[in-house]
Amino acid sequence: MQIINIGLTDTQRQGAIDLLNRDLADSYLLLVKTKKFHWDVVGPQFMTLHKLWQEHYEALTLNVDVIAERIRTLGGYPVGTMEGFLKICSLKEHAGKIPMATGMVSQLLEDREQIVRNLREHIEQCSAKFKDDGTADFLTGLMEQHEQIAWMLRSFVEGEAIASNGLTPELNKKTVGV
């Protein structure tokens with residue numbers, strides 16, 4: 001086997017690889033959940049969410065691939081089985097439960113926010129503990145994507161709450177003390 005000489009020790013590379021595999025597992029489960037919601041969404045928001053979920057799972061498919069390639073770049077092997085993903089994943093499945101459209105958005109928002117929190121921690125560990133600023137930078141780009149999507153999902157959920165209260169956004173902010 002060829003020795004990898006990229007300025008990181010084997011321990012540093014393995015630490016980053018382990019974190020990346022956890023991020024890969026979360027991304028893959030989020031991909032599966034998003035695809036399932038794409039198939040199962042019903043109601044007045046069907047077309048909007050059906051198209052949105054497709055955009056999201058297509059982007060997640062690309063992310064899964066680049067995370068796996070980053071793992072290979074560092075000399076590791078990506079976890080590649082559902083069993084393996086579920087063992088190290090921080091997200092939870094909700095097997096057998098199909099929420100209504102707003103519930104789907106809320107679940108995916110919670111998952112995105114969990115991924116952002118994980119990525120923040122992994123960025124810090126990659127940079128400070130493993131001295132791998134390349135992986136930290138790579139994870140920062142992924143985190144920014146998840147943050148933006150979380151904001152959009154949060155806006156959808158907030159808009160649904162405002163509409164169900166019969167309030168305008170300005171009145172709702174006063175009601176909740178914002």
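**Entry 1: a charged pair in helix H3**

I started with Glu83, which forms a salt bridge with Lys87, the closest N and O atoms being 3.7 Å apart. For a salt bridge I needed a side-chain nitrogen of Lys or Arg within 4 Å of a carboxyl oxygen of Asp or Glu. Glu83 and Lys87 sit four residues apart in helix H3 (residues 82-88), so about one helical turn separates them. My helices are DSSP runs (H or I, at least four residues; strands are E, at least two), numbered from the N terminus. Glu83 is exposed at 56% relative accessibility, and Lys87 is exposed at 64%. I used these cut-offs: buried is under 20% relative accessible area, exposed is over 50%, and partly exposed is in between (1.4 Å probe, protein chains only).

A note to myself on the source: this is a predicted model, where local features need pLDDT of at least 70 and side-chain atom pairs count only at pLDDT 80 or more, while totals for chains, interfaces and linings use all residues. Residues are numbered from 1 along each chain as its sequence is written, and side-chain values use heavy atoms, with hydrogens and water left out.

I counted seven salt bridges. One of them joins Glu113 and Arg154, with the closest N and O atoms 2.9 Å apart. This pair links distant parts of the chain, as Glu113 is in helix H4 and Arg154 in helix H5, 41 residues apart. I also found Arg120 paired with Glu147, the closest N and O atoms being 2.4 Å apart.

**Entry 2: the inside**

Next I looked up the fold and found six helices and zero strands. Of the 178 residues, 39% count as buried. Which residues touch the most other members of the largest nonpolar core? They are Leu49, Trp53, Leu139 and Leu153, out of 42 residues in this core. A nonpolar core is a set of buried Ala, Val, Leu, Ile, Met, Phe, Trp, Tyr and Cys residues joined through side-chain atoms within 4.5 Å. I then followed Leu139: leaving aside neighbours within four places in sequence, Leu139 is in contact (heavy atoms within 4.5 Å) with residues including Leu20, Ile123 and Cys126. Cys126 is buried, with a relative accessible area of 0%.

**Entry 3: cysteines**

I looked for disulfides (cysteine sulfur atoms within 2.5 Å of each other) and the count was zero. Cys89 also counts as buried, at 11% relative accessibility.
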